Every structure is written in structure tokens, then in C-alpha cells.
Number of protein chains: 2
Amino acid sequence: MKIAVFGYGNIGRAAEQAVKKAKDMELVGVFHHDEMVTLLAEKPDVVLLCTPTREVPVCAPLFLKAGICTVDSFDIHNDICKLRAQLSPVAEQYKAVSVISAGWDPGSDSVIRVMMHALVPEGQLFTNFGPGRSMGHSVAAKAIPGVKDALSMTLPAGEGRHNRHVYIELEEGYEFEKVKEAILHDDYFAHDYTEVERVDSVAKLDTHQHGVHIERNGMSGITPNQQVDFTMRINNPALTGQMMVSCARAAVRMHDRQQFGSFTTVELAPIDLLPGEREDLIAHLV
Amino acid sequence: MKIAVFGYGNIGRAAEQAVKKAKDMELVGVFHHDEMVTLLAEKPDVVLLCTPTREVPVCAPLFLKAGICTVDSFDIHNDICKLRAQLSPVAEQYKAVSVISAGWDPGSDSVIRVMMHALVPEGQLFTNFGPGRSMGHSVAAKAIPGVKDALSMTLPAGEGRHNRHVYIELEEGYEFEKVKEAILHDDYFAHDYTEVERVDSVAKLDTHQHGVHIERNGMSGITPNQQVDFTMRINNPALTGQMMVSCARAAVRMHDRQQFGSFTTVELAPIDLLPGEREDLIAHLV
């Protein structure tokens with residue numbers, strides 16, 4: 001299967017590496033925004049949309065309308081249904097498959113949450129992120145006047161709640177206490193316990209390590225105290241890029257079966273994510 | 001959807017309870033082997049096969065040929081592909097869906113293993129069971145002359161290896177040391193480190209608590225040390241029964257979409273396991 005990478009930030013680089021490692025895939029190229037025509041001429045089976053998340057609703061239809069499948073890691077949880085409703089008719093009309101929100105959360109974590117509900121229909125589920133860098137919160141902090149660079153760490157505080165630790169480099173001529181207050185009153189931070197710390201170099205502290213702990217405790221049938229836990233400690237872009245590549249495989253397989261439309265990860269058969277013959281995979285992994 | 005339970009041991013009872021709790025399901029009855037005709041007359045959408053695992057290949061076709069979907073928790077890992085190959089043409093011919101090996105291992109654990117491979121294609125995966133009762137090993141120990149009752153506990157020994165602790169009640173007139181030697185030389189136990197202990201009452205020690213820890217560490221793309229862990233501490237029959245009931249829902253949905261055949265859990269879209277509308281589930285869980 002021929003795969004193209006569109007957009008070349010952290011996730012684009014990780015996706016490129018994962019495609020190169022996949023023996024059933026051929027990388028037709030890594031493309032920037034101004035290379036759309038070149039990309040289309042390569043006729044890839046799938047384009048991995050590694051653009052900023054807000055560009056996905058604009059970019060995806062351009063490829064789908066050319067009959068090319070897309071995979072994105074759109075991560076605005078509240079807008080996933082809207083994106084799916086927007087892309088599904090386009091994908092159906094042009095006989096393509098769009099796999100959306102195919103990173104780790106949303107993405108693989110979504111599959112874990114669904115499985116936990118299937119096993120334990122009643123109970124409490126908590127998704128605890130971190131410790132790790134929040135892309136969204138780091139960008140929000142950086143947008144505050146006086147902030148030269150920022151890193152917002154997400155720290156799990158139990159039961160799905162999170163504290164935030166924001167490291168900032170200060171612009172010259174700004175007062176730390178005032179900038180700190182501005183951050184604490186920003187809507188991104190106002191709802192969580194947040195600490196702001198001034199550092200000489202944010203770059204030195206930055207890391208792509210992240211993690212999640214998803215926990216569910218509840219009832220299977222009428223039996224209580226069923227405990228199910230899922231934990232990851234991972235490099236964030238590497239996992240996102242890899243999951244997108246695995247989902248590209250599922251997109252091609254659904255395309256071959258003429259199952260067109262837009263799908264979230266929980267709508268894919270997990271086995272379609274893996275290379276190889278279905279019977280071999282069942283024999284080894286089921 | 002109308003659900004029948006066939007077979008009424010520990011799993012049958014748990015499945016019955018889970019069906020009764022499911023608001024989108026109606027329990028048409030619990031049936032023993034001699035009530036096959038009564039069961040068929042009820043025209044259920046799905047029969048949950050809660051018989052001993054070796055009876056599944058014999059029982060499943062009887063229902064599939066009547067156009068009734070089946071769900072089983074067939075757990076002989078080496079024979080899953082064979083069962084699927086046997087049941088799939090029958091299910092296809094009679095327009096039914098068979099979901100096989102739909103307990104927790106094989107079953108939900110299989111989905112976890114596949115997801116771990118999708119996220120981390122290269123590396124080591126270990127499935128560590130227990131501490132908990134092994135049904136197969138308990139039955140094997142009980143079959144040894146001189147053993148009145150037996151309970152074989154599976155104890156995780158790291159990296160997917162397991163030790164066994166066998167509690168036995170001795171028949172009168174037998175010598176413990178000789179019975180112990182017979183157990184240790186039985187093929188079920190000869191390959192693992194095994195301890196045999198004589199007790200007054202096996203029943204007092206028995207529990208349905210079980211657990212599993214699935215761990216994978218490896219590479220996403222070219223990035224090493226990606227750590228993914230899944231752990232459960234659960235009541236064994238309750239989880240098995242619940243997973244079968246969730247898979248019955250998937251069977252009905254695939255039947256409605258005319259996707260006939262025999263499927264393992266990793267071939268199902270996880271979202272099909274849950275009650276409710278797809279868009280609502282995506283909005284809340286993805």
C-alpha cells in the first residue's frame with residue numbers, strides 16, 4: 001500500500017519513520033502544504049494528515065474527493081462527531097475511507113474505554129493523563145503576552161483530575177507575577193490547580209514522554225469489584241504516528257471491502273490494524 | 001434482542017445475570033441439553049453457548065443451521081482457527097453470525113494484544129495469568145486416581161511463565177506422596193514448577209477471583225521503550241458471562257448488516273459491543 005505523509009512536524013516525522021518500518025507499505029513521500037498537486041499525482045492509497053488538528057476538516061475532503069483515503073489524529077474531543085458527520089458523506093460519495101481521531105487519545109485509548117465498558121457495563125471510569133506535556137496548554141500559555149516560551153505539564157491528580165505545572169521563559173520587560181496571574185486566569189488553566197514556574201530554558205525541560213492510566217471498577221452482570229486497568233508510558237509523537245500508520249492499514253482493508261465512509265478507531269476491527277494474514281494473526285494473538 | 005442461555009454452569013449463571021441487566025435484551029430462557037427443541041421454538045436472536053468448551057463445535061452448528069446466532073467462550077487456543085473455519089461456512093450458508101472464543105482469554109485479552117501490536121509493532125509481549133484458578137488444570141488434577149477434589153492455582157512467575165499450586169483432597173486408601181508424584185508427572189503439570197498441597201477442604205479455598213497482566217515493551221516506529229500494560233483483577237465467570245453478552249450484541253448488529261460468518265473478538269468493531277446509538281457512544285467514549 002502506498003502511503004503519503006502530509007505535514008512535517010513531530011507527528012509527521014514519527015509517521016514517516018513508522019511507514020518506513022512497515023514491510024507492507026511504501027512511502028511515496030512527505031509533503032508540505034504547497035505540494036498538494038505533487039502529492040495527488042503520486043496517487044497514494046492513504047494520506048496521513050499530520051497537520052495541526054484544526055486544519056483536518058479543511059484538508060481531509062481535498063484528498064477524499066480524489067478517492068484517496070485519509071487518516072488523521074484530530075484531537076478536539078467535543079468536535080469528533082461533527083468531523084465524522086462532515087467527512088462521512090464525502091468519503092462515501094468518492095468511494096474512500098477516512099479514519100479520524102486515530103492517535104492515542106482520542107484513538108487507541110478510545111478502544112480501551114469501549115472494551116472496559118463491554119467488560120464492566122456499570123461503574124466508574126477515569127482517564128488519568130501524564131505526567132506529560134500538554135500540547136494545547138503549552139500553546140495557550142505561549143500565547144500570553146510576556147511569555148517567550150512555555151511548557152505545560154499535565155500531572156494526574158486522581159479520579160481523572162489533573163494539575164498543571166507551567167514552565168515559562170519570560171520576555172524582557174515583563175514582570176513574572178503579572179504574567180503568572182494572566183496564565184492562572186486564562187480559561188485553559190482557570191479550572192485546574194496550576195503552578196507557574198519561571199525557568200531559563202524551556203527547551204531543556206521539554207520531553208516527548210507522556211503517559212496515561214485508564215481505570216475502571218464496577219459490575220459485570222451483578223458481580224461488583226471488577227477491576228480493569230490500562231497504563232502506558234510512551235513517547236507521544238512516536239505513538240501517535242504509529243497508531244496513524246496502523247489505521248492506514250485498516251483504511252486500505254475497509255476500502256478493499258468497499259466499506260466507505262468516515263470511522264473512528266472504535267468502529268474498526270482491531271485485526272485490520274495489523275500486517276499479515278487474518279488467519280495467522282488469529283492463530284498467534286487470539 | 002432475544003437471548004437464550006444454553007448450559008447452566010458457572011458461566012451460564014453469570015451470562016443469565018448479565019442478560020437480565022442489559023436493557024436492550026430480553027432473556028427468553030435458560031436451557032439444558034435436553035431442551036433443544038423448546039429453545040429453538042423460542043426463536044432467540046442469539047444463543048449463548050455456556051456448555052463445556054469441547055461441546056461448542058458440536059452444539060454451535062445446530063443453532064446456526066436454524067439461522068440463530070451463537071456466542072461461545074471456546075478456550076482451546078490452538079483450535080480457534082479450526083473452529084472458525086468449521087463454523088464460518090455454516091453461518092454464511094444459513095445467514096447467521098457466530099462469535100467464537102468470546103470470554104476474556106481468548107476474548108477481550110485478544111483485543112488488548114492486537115491493540116498493543118498496533119501501537120508497538122516490535123517488541124516483547126507477555127500475558128501473565130493469575131493468581132487464580134485454572135479450570136483446565138483443576139480438572140486434570142481431579143482426574144488423577146486418589147484425588148477426591150482439586151484446585152489448581154495459576155501463579156504468575158514473570159515474562160509469561162507460570163507456577164502452579166495444586167490443592168488436593170485425598171481419597172481414602174491412597175498415599176499422598178504417590179498421588180503427588182502422579183500429578184507432577186501429568187503432562188498438564190510436567191512443564192511448569194508445581195507444588196502439591198494436601199488440604200481438608202478444597203471447596204473452602206475455592207474462589208472465582210482471577211487476573212491477568214498483559215505487558216508489552218518495544219518500538220513504535222524507531223522509538224524504543226514504549227511501555228503498555230493491561231491489568232485485571234476480576235471474578236472469572238462474571239467477566240466471561242458479561243463478555244459473551246456484549247458479544248451477543250455485536251452478533252445481532254453484524255446480522256442486521258448482513259455480515260454473516262464466524263468471527264473472533266478481534267474481528268468485531270468494539271463499538272458494536274455496547275448498547276445505545278453509535279453517535280452517542282462516540283461522543284461519550286472516543
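**Figure 1. B:Phe6 stands opposite B:Leu49 in β3(B).** This close-up comes from a predicted model, in which local features need pLDDT of at least 70, side-chain atom pairs count only at pLDDT 80 or more, and totals for chains, interfaces and linings use all residues. Residues are numbered from 1 along each chain as its sequence is written, chains are lettered from A and ligands numbered from 1 in the order in which they are written, and side-chain values use heavy atoms, with hydrogens and water left out. Strand β1 (residues 2–6) of chain B runs parallel to β3(B), and four bridges join the two. Strands here are DSSP runs (E, at least two residues), as are helices (H or I, at least four residues), numbered from the N terminus; two strands pair if DSSP finds at least two bridges between them. Another four bridges link β3(B) to β4(B), again in parallel, and there B:Leu48 stands opposite B:Val71. Strand β3 (residues 46–49) of chain B is covered on both faces: B:Val46 and B:Leu48 are buried on one side, B:Val47 and B:Leu49 on the other. Buried means under 20% relative accessible area, exposed over 50%, and partly exposed in between, with a 1.4 Å probe and protein chains only. In a regular strand the side chains alternate between the two faces of the sheet.

**Figure 2. Six strands of chain B line up in an open sheet with parallel pairing.** Reading across, the order is β2-β1-β3-β4-β5-β13. At the edges sit β2 (26–31) and β13 (261–264) of chain B, each pairing on one side only. From one strand to the next, the twist averages 20°. Look for β4 (residues 69–72) and β5 (residues 97–100) of chain B, a parallel pair with two bridges, where B:Thr70 stands opposite B:Ser98. Helix α4 (residues 80–93) of chain B lies across β4, β5 and β13 of chain B, at about 145° to β13(B). Angles run from 0 to 180 degrees between N-to-C directions, and axes are lines fitted to C-alpha atoms, for helices over the stretch in contact.

**Figure 3. A four-stranded open sheet of chain B has mixed pairing.** The strands follow the order β7-β8-β9-β10, with β7 (132–133) and β10 (194–198) of chain B as edge strands that each pair on one side only. Parallel strands β9(B) and β10(B) are joined by five bridges; B:Ile168 has B:Arg198 as its bridge partner in β10(B). Helix α6 (residues 135–142) of chain B packs on the sheet, touching β7, β8 (147–156) and β9 of chain B, and its direction makes about 145° with that of β8(B). Contact means heavy atoms within 4.5 Å.

**Figure 4. B:His162 sits in strand β9 (residues 162–170) of chain B.** With a relative accessible area of 11%, B:His162 is buried. Leaving aside residues up to four places away in sequence, B:His162 touches several residues, among them B:Phe129, B:Leu155, B:Pro156 and B:Tyr193. B:His162 and B:His191 are 29 residues apart in sequence and 9.7 Å apart in space, C-alpha to C-alpha.

**Figure 5. Helix α7 (residues 176–185) of chain A has a buried side, with A:Phe176, A:Val179 and A:Ile183.** These residues cover an arc of only 70° around the axis, which puts them on the same side of α7(A); the arc is that of the directions from the helix axis to the C-beta atoms. The face turned away from that side carries the exposed residues A:Lys178 and A:His185. Cover for the buried residues of α7(A) includes β8 (147–156), β9 (162–170) and β10 (194–198) of chain A.

**Figure 6. Helices α3 (residues 56–64) and α4 (residues 80–93) of chain A pack at about 10°, with their axes 10 Å apart.** The two helices are therefore roughly parallel to each other. Angles under 35 degrees count as roughly parallel, over 145 as roughly antiparallel, 65 to 115 as roughly perpendicular and the rest as oblique. Contacting residues include A:Val56, A:Pro57 and A:Leu64 of α3(A), and A:Leu83, A:Leu87 and A:Val90 of α4(A).

**Figure 7. Strands β11(A) and β12(A) form a hairpin with two residues between them.** In the turn, A:Gly221 has a positive phi of about 60°. Eleven bridges join β11(A) to the antiparallel strand β12 (residues 223–235) of chain A, and A:His210 has A:Ile234 as its bridge partner in β12(A).
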